[in-house]
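I had some time with this model today and wrote down what I looked up. Here are my notes, in the order I took them.

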Amino acid sequence: MRKPNVFVSLLLWIALSLITLAPIYWLFVVSAKSRVELFGRPSFLLTSFFPDNYANALTDPNLQKYMLNSVIVATSNALLVTLLGFLATYALTRYKLVGKENVFFWTITNRMAPPAVFLLPLFLLYTQVFAIGDWKLYDTRIGLILLYCVFNLPFAVWTLRPVLDAIPQELDEAATIDGASTFQLLTKVIYPLARPGLAVTMILTWIFAWNEYLLAATLTSVEARTITTLLAEYVSVTGTNWGQLAATAMLTLVPALVILGAVQRHIVAGLTFGAVKG
C-alpha cells in the first residue's frame, strides 16, 4: 500500500490551519485600525497599529466586571456539569435501571429544542417564582450557572457515556472484591481512566457557557451580565464601534486559551495512564 506523501500532508495541514486562523487574524486587523482606516480602502495586511481600541477596552469598567462574571459562570458551570455528568453517567451505565435507555433519550431532548422556546417561562420563573422577599434569581451568577446546567448536563451525559462504556466492568468488580468503597472506586479506578473524556467534556461545556448570549441577555440586567452581552452594546442606533468591538472580542479569547491550555495537559496525561502498570 502506497504511503501518503509527507510533504503533501504537511502542506494540507498548513493550508487548513491558515483557513482556520484567517477569521481570528482578520479580527485582530480590525481591532488594530482606527475608524478612518476601517472605513477607507480595505486591506488584509496590517500596516499600522492603533492602540486606542485596546486602551479603551481595557479601561472600560464594564469589561472587567463582565469578564469576571463570564469566568466565574463558565468555570463553575463546567466543573458542576462535569461532576454531575460523571456521577449520572456512571449510574446509568453500571446499574441495571428500568428504562435507562429512555432516560438517555429524555436527557438529550433538552438539547433539541431551541433556547428561545424557554425564554418566557424562564423569565417568569426567575422574576416571579424563584424569589424570596426582595431577592430574585434574576440577574444573579448562581442563576446563570444553574440554568446552563439544564442545557449542558444532558450533553455531558451523552459525551461521557461511550467513555464509561469503554472501561471494563471487571475493573469495578476487582476493586470491589479488594474492599474498595464506591467513592474509592470512582476516584481511584474510574476517574483516572475517564480523565480524557472528562477533560473534553469540561472544555466543551465551558465553551458553551462562555459563548452563550441569548439567555444571558434576557435573564440578566446589571450585576450578572457576561462578556457576550457587552459585545452587543457596541452596536447602537448611531453606528457600530467596530474597532473597540474587535479589540474586546480579541481580549475574550485570552481566558479561553488559558482554560484550554490548562485542561489539555490532563487530556494527554489521561491518555497515557493505564489500568495496569508493568
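Below are my entries, from the whole chain down to single residues.

**Ground rules**

I am working from a predicted model, where local features need pLDDT of at least 70 and side-chain atom pairs count only at pLDDT 80 or more, while totals for chains, interfaces and linings use all residues. I number residues from 1 along each chain as its sequence is written, and side-chain values use heavy atoms, with hydrogens and water left out.

**Whole chain**

I started with the secondary structure and found 12 helices and 4 strands. Helices here are DSSP runs of H or I with at least four residues, strands are runs of E with at least two, and both are numbered from the N terminus. I then looked up the extent of the C-alpha trace, which spans about 75 × 70 × 30 Å along its principal axes.

How many of the 278 residues count as buried? I get 37%. Buried means under 20% relative accessible area, exposed means over 50%, and partly exposed is in between, using a 1.4 Å probe and protein chains only.

I also checked contacts, meaning heavy atoms within 4.5 Å. Of those with a separation of 6 or more, 75% come from residues 24 or more positions apart.

**Helix α9 and its partners**

I took helix α8 (residues 169-177) against helix α9 (residues 182-211) and got an angle of about 155 degrees, with the axes 10 Å apart. The axes are lines fitted to C-alpha atoms, for helices over the stretch in contact, and the angles run from 0 to 180 degrees between N-to-C directions. So α8 and α9 are roughly antiparallel. The angle classes are: under 35 degrees roughly parallel, over 145 roughly antiparallel, 65 to 115 roughly perpendicular, and the rest oblique.

α8 passes α9 in a right-handed crossing. A crossing is right-handed if the near helix is turned clockwise from the far one by less than a right angle, and left-handed if anticlockwise. From α8, Leu171, Asp172 and Ala175 meet Leu185, Val189, Ile190 and Leu193 of α9. By class this contact has 6 nonpolar, no polar and 1 charged residues. Nonpolar covers Ala, Val, Leu, Ile, Met, Phe, Trp, Tyr, Cys and Pro; charged covers Asp, Glu, Lys and Arg; the others, Gly among them, are polar.

Next I put helix α4 (residues 61-94) against α9: an angle of about 140 degrees, with axes 8 Å apart. That pair is therefore oblique, and α4 passes α9 in a right-handed crossing. The residues of this contact divide into 19 nonpolar, 6 polar and 1 charged.

Helix α5 (residues 100-112) packs on α7 at about 135 degrees, with axes 8 Å apart. That makes α5 oblique to α7, and α5 passes α7 in a left-handed crossing. The residues of the contact divide into 9 nonpolar, 3 polar and 3 charged.

I stopped at Asn152, which is found in helix α7. Is Asn152 buried or exposed? Asn152 counts as buried, because its relative accessibility is 3%. Its side chain is joined to that of Asn77 by a polar contact of 2.9 Å. A polar contact is a pair of N or O atoms within 3.5 Å; within protein, one must be able to donate a hydrogen and the other to accept it, and residues adjacent in sequence count only if both atoms are side-chain atoms. Leaving out residues up to four places away in sequence, Asn152 touches Asn77, Val81, Arg111, Thr205, Phe208 and Ala209.

**Asp139**

Asp139 sits in the loop between β2 (135-136) and α7 (141-165). Asp139 counts as buried because its relative accessibility is 12%. Asp139 has a positive phi of about 60 degrees, although it is not a glycine. Most residues other than glycine have a negative phi.

What does the side chain of Asp139 reach? One of its polar atoms lies 3.1 Å from the backbone nitrogen of Ser221, and the backbone nitrogen of Val222 lies 3.3 Å from a polar atom of that side chain. Beyond four places in sequence, the residues that Asp139 touches include Leu219, Thr220, Glu223 and Arg225.

**Thr229**

My last stop was Thr229 in helix α11 (residues 227-233). Thr229 is buried, with a relative accessible area of 2%. Leaving aside neighbours within four places in sequence, Thr229 is in contact with Tyr66, Tyr213, Ala216 and Ala217.
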